[in-house]
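Thanks for coming, everyone. Please have a look at the model on the screen, and I will talk you through it.

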There are 2 protein chains.
Amino acid sequence: MSLVRCSHSRATIPASAAGMVNNKHNAVLVETTMTTLPPPGSPDIDIARAVKPWPIFEVAQRKLGIAHHALIPYGHYKAKLDLAQIETKTKLGKLVLVTAITPTPAGEGKTTTSIGLTDALNAIGINASVCLREPSLGPCFGVKGGAAGGGRAQAIPMEDLNLHFNGDFHAITSAHNLLAALIDNHIHWGNELNLDPRRITWRRVMDMNDRALRNTLVGLGGPAHGQPRESGFDITVASEIMAILCLAEDRKDLQKRLGNIIIGRNRDNQPVTARELGAEGAMTVLLKEAIQPNLIQTLEHNPALIHGGPFANIAHGCNSVMATRTAMALSDVVVTEAGFGADLGAEKFIDIKCRMSGLMPDAVVLVCTVRALKMQGGVPKADLDAINVEAVIEGSSNLSRHIKNLQQFGLTPLVAINRFPTDDDKELAAIKEVCLSLGAPIEEAQHWAEGGLGAKAVAEGVKAMLDGEKPDVKFLYDNALPIDDKIRTVATKLYGASDVQFNIAAQKQLDEIQALGFGDLPICIAKTPYSFSADPTLLGAPSDHVLPVRELRLMAGAGFVVAICGDVMTMPGLPRKPAALSISLDENGEIVGLF
Amino acid sequence: MSLVRCSHSRATIPASAAGMVNNKHNAVLVETTMTTLPPPGSPDIDIARAVKPWPIFEVAQRKLGIAHHALIPYGHYKAKLDLAQIETKTKLGKLVLVTAITPTPAGEGKTTTSIGLTDALNAIGINASVCLREPSLGPCFGVKGGAAGGGRAQAIPMEDLNLHFNGDFHAITSAHNLLAALIDNHIHWGNELNLDPRRITWRRVMDMNDRALRNTLVGLGGPAHGQPRESGFDITVASEIMAILCLAEDRKDLQKRLGNIIIGRNRDNQPVTARELGAEGAMTVLLKEAIQPNLIQTLEHNPALIHGGPFANIAHGCNSVMATRTAMALSDVVVTEAGFGADLGAEKFIDIKCRMSGLMPDAVVLVCTVRALKMQGGVPKADLDAINVEAVIEGSSNLSRHIKNLQQFGLTPLVAINRFPTDDDKELAAIKEVCLSLGAPIEEAQHWAEGGLGAKAVAEGVKAMLDGEKPDVKFLYDNALPIDDKIRTVATKLYGASDVQFNIAAQKQLDEIQALGFGDLPICIAKTPYSFSADPTLLGAPSDHVLPVRELRLMAGAGFVVAICGDVMTMPGLPRKPAALSISLDENGEIVGLF
């Protein structure tokens, strides 16, 4: 099938690709609207606005079988799901993880592939939905660009998604800062728990890029205004509460995890929890709505559950367990993604999210581009347009490593080449050879230009994998191993490291965490996403490097131990010319300059 | 008509009082549901939960004639109004202001009277809606108690209203803090505008009671993390943006006002605006939804437009102009309230909100209680149950002053006595005498115990006033007067002051503001609400006191000059035992401990 160009160089998406084929719940409702979209390469916002969204009740009912009363609308095109009201299938649908090679400035297109694949699966008759993370508000005002896919593979309404959306991040901000206020208030009124003001580790958060808040003194101004102490703010997505929300099974589990948060130490240097302060109940109340998954739609009217957005470095970088589980209970196939490359994203997805939730992937798609492999092979960004088969072969070491890594989990990925016009057939052939030598199927995708139709080959490939034997997914390490051994396992098995080196502070923290009885938590490695090593300049598939662990952070509420192996920025700053300065409403009340 | 008690001592509200009588838009839809409510004195939350709310689409359609597509739902029982989509009547409905005598710890019941009166007006066949301020989230976690009315005069869903509601305050927080981030970012990247970091007056905000944030140092940690400087946080309701949102006529006016905000001074000591930073466009985008009025319902299913919540001290203390205007365009009568007593609330309502918007009140209700007058007459709270006619007469000086004050605006109020079981007929007779001597009608109200039915006499009284001649409302002062004369006018005409005294700092600020060309703005006096004077212990109707003006603050965006005459707290703290510690979700996911 090919796209039909019309006279005004606008393209038409066939109804079959517009997500109206498979409809087990409302077979009578097939429509034949043809959507006219601006041509590929038009601004994402123009494409998004050219599509008339379905009322969200229709998406919910026709695509997921959700009744009116179980949907909590937020406007006409967004909703939250009232989980208590949803009748789900006893048998869960299949789960497809979309991950990627090591990210480069050339861009790989993991989110567009997740969305395009979902639209394509629906186009070939499979009832599928996509689960993604919510974008953060703060960065929208820094560097231009939203996070709702792109081209003809987008989730809409993208303006709402990139701004306040359904209020989840604001609720997390409130819950986080309530705990902070309760801590300072406790110290102010006599400090019964004997908290050490020098050892409060719970900071405050704001969903804003604001470097001036990274390091602050609070409680100044005299005895009526609290106890002076050093503190600071992180961006909301870096809050432990974000990770907790995304790993919680339900409200009860949420409250328990919130209570487990360690806020700092007392004067005996013992950890103190949010529960000891009595904070977890009120925090849960603030998150009552935020814990419900959000529903929007793709450009082709397929269900997109967008919920939670933890960092992929100091947290696990996946959307919520509740959204994934709900989608699996309502769809036959669920496509989801994990942050950064497969070394970080897929590893944490499996070793943290899947292990905690019991949800296991049935297939993995590994997104790759010719251009990215050229960069991994040493070509600078300016020279990517030139054909360079040698560089592709050289850079394919990165792809090979990721494929072999995934095979260690028992998952051979389908490699999806996100195709660009500059890609040459000889370059593609080189990549195919690599994949086939490792037994990994490979397909090309052009969803960015063509919508779901463009990812049909990937969808057929995924279907074939799902029709085959269910993979026997293995975790990379046993939680019972000591923390250092768990880190060493990931570093040597996935990163190609020869060893792990703990500095003195990290070694001390390691001993403390083990002594406190948290040694059996999974680990969450925070390192540069731009290399298998801790050095972002080492491209391809570096070996025999040593992973330096500088700091361990116990996230007792989220339930993992973060191993920090490099600089981690938890509060971004704005650039010299922030995008905010060109954002405005036009005469019609439409947003300009945001995307 | 009297309440029918059923066997389980639960009371029944007659259908006529349940808001189903007047329905010009959907006359066919009259229902006869009888709502069984817990008895008066039950916790507000129990009463609220005993009422089955109408779907908000029904309230909008049946009571306001709003079509489905013009309503933006936030769940099933809350909505925002899409003003662009609403067809309004060319003739505006009438406006009734509910104000009160000087507040005391005994409680007067301004919000319950506003709601009860609205229900009563509907019960006697008048199409009426109520406009109120949104409560702030932060204080809910301090001292127990929400702000959605009480007893049988409530707006529901009260849990939502008191928590995140429709996200307006979070949006204001984001817009405010974006401007703050842009200021520090501007200084960080070279400070082209030559801002004086010592003279930045724009602080940050958070919707939380957090005293430790009152005074902070930001920008610590070295050159990568900004310029160190003193700053601090206010609670979100104290943000100038809150006042701006409530005074803006539309999005365009909002953007203009945001641009006018003065964020501090440059090194030449000249004021710098948000517009010079280029911030107002992005701020407006963040407030795109927040500027739309919110719709919920009273217990008797009448429309409640709840929108905006500026402080009544450093701001004007009224709900938004857009909500009031919209309600007036959709209802025959709109009941609204203003913060604190009539000396502050009604004055600012008329001299600021009405003057700017052109909307004028057609009648005023002055809420008063026997108990409050006893306190004004010197009786301590513990002795309020005892009959004390002398104290009531003594305290009536307060009531008289408020009546006479309102008459200076050309408005003789209807005095609504919010009746308590301990009130004695002799005490009431004394109050009636005072009112009648001033030509003010007086009626008793029992809406707290009886719902709309209990405020029927007040509603009939209001109807009689509205049926009479339209009052000729006069402002208290001419905007063209110098600022000090405007303050002196309010102090001498309303507060009984003999003069106004500016301290040296305030005098300097006064000269600066006049020199900058802002001398013709209206003034907003921030003083204790507990006395006509600046001394909260001076009860009754003190005279010949001197009003001390300590500071003037130019709110160039909101469009008024704040005169600070006493301590003003813009960031509350939490008490020793915060309400947060007893708030939680129960087994059914219902909130406990919040109200």
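This is a predicted model: local features need pLDDT of at least 70, side-chain atom pairs count only at pLDDT 80 or more; totals for chains, interfaces and linings use all residues.

First, symmetry. How does chain A lie on chain B? A turn of 180° with a shift of 0.0 Å along the axis does it, and the RMSD is 0.0 Å. That is the relation of a two-fold axis.

Now the contact itself. Chain A brings 69 residues and chain B brings 69 residues. Of the interface residues of chain A, 100% are also interface residues in chain B, so the copies meet through the same surface. About 5,800 Å² is buried between chain A and chain B, and carbon and sulfur atoms give 65% of that area. Three residues stand out. Trp189(A), Arg211(A) and Val285(A) supply 10% of the area that chain A buries against chain B, more than any other three residues.

What about polar pairs? Across the interface of chain A and chain B, 33 residue pairs are in polar contact, with both residues at pLDDT 80 or more. Several elements of chain A each supply at least two residues to the side that touches chain B, among them β4 (71-73), β11 (204-206) and α7 (251-260). Which element gives the most? α5(A), with 10 residues. By type, the side of chain A that touches chain B divides into 33 nonpolar, 23 polar and 13 charged residues.

Zoom in on α5 of chain A, where Ser174(A) sits. Ser174(A) is buried, at 6% relative accessible area. Beyond its sequence neighbours up to four places away, Ser174(A) touches Leu286(A) and, from the other chain, Leu137(B), His164(B), His170(B) and Met208(B).

Next, α7(A). At its start, a side-chain oxygen of Asp250(A) comes to within 3.2 Å of the backbone nitrogen of Lys252(A). The buried residues of α7(A) are Asp253(A), Leu254(A), Gln255(A), Arg257(A), Leu258(A) and Gly259(A). They pack against several parts of chain A, including α6 (240-247) and α11 (345-357), and also against β28 (584-585) of chain B.

For contrast, take Pro421(A). Pro421(A) is in the loop between β21 (414-418) and α14 (425-437) of chain A. Is Pro421(A) buried or exposed? Exposed, at 83% relative accessibility.

On to charges. Over all chains, the count is 60 salt bridges. Between chain A and chain B, the count is 2. In one salt bridge, Arg204(A) pairs with Asp210(B), with the closest N and O atoms 2.9 Å apart. Asp184(A), Arg204(A), Arg229(A) and Asp210(B) are linked in a network of salt bridges.

Within chain A, look at Glu427(A) and Lys374(A), with the closest N and O atoms 3.0 Å apart. Glu427(A) is in α14 and Lys374(A) in α12 (residues 370-376), so this pair ties together parts 53 residues apart in sequence. Glu427(A) is buried, at 0%. Lys374(A) is buried too, at 1%.

Two from chain B to finish. Arg355(B) bridges to Asp351(B) at 3.3 Å. Both lie in α11 of chain B, 4 residues apart, about one turn of the helix. Asp351(B) is buried, at 0%. Arg553(B) and Glu551(B) form another salt bridge, at 2.9 Å. Here Arg553(B) is partly exposed, at 28%, and Glu551(B) is partly exposed at 26%.

How values were computed. Residues are numbered from 1 along each chain as its sequence is written. Chains are lettered from A and ligands numbered from 1 in the order in which they are written. Side-chain values use heavy atoms; hydrogens and water are left out. Copies are superposed by least squares on the C-alpha atoms of residues with pLDDT of at least 70 in both. Contact means heavy atoms within 4.5 Å. Buried area is the accessible area (1.4 Å probe) that two parts lose on being put together, summed over both. A salt bridge is a side-chain nitrogen of Lys or Arg within 4 Å of a carboxyl oxygen of Asp or Glu. A polar contact is a pair of N or O atoms within 3.5 Å; within protein, one must be able to donate a hydrogen and the other to accept it, and residues adjacent in sequence count only if both atoms are side-chain atoms. Ala, Val, Leu, Ile, Met, Phe, Trp, Tyr, Cys and Pro count as nonpolar, Asp, Glu, Lys and Arg as charged, and the others, Gly among them, as polar. Buried means under 20% relative accessible area, exposed over 50%, partly exposed in between (1.4 Å probe, protein chains only).
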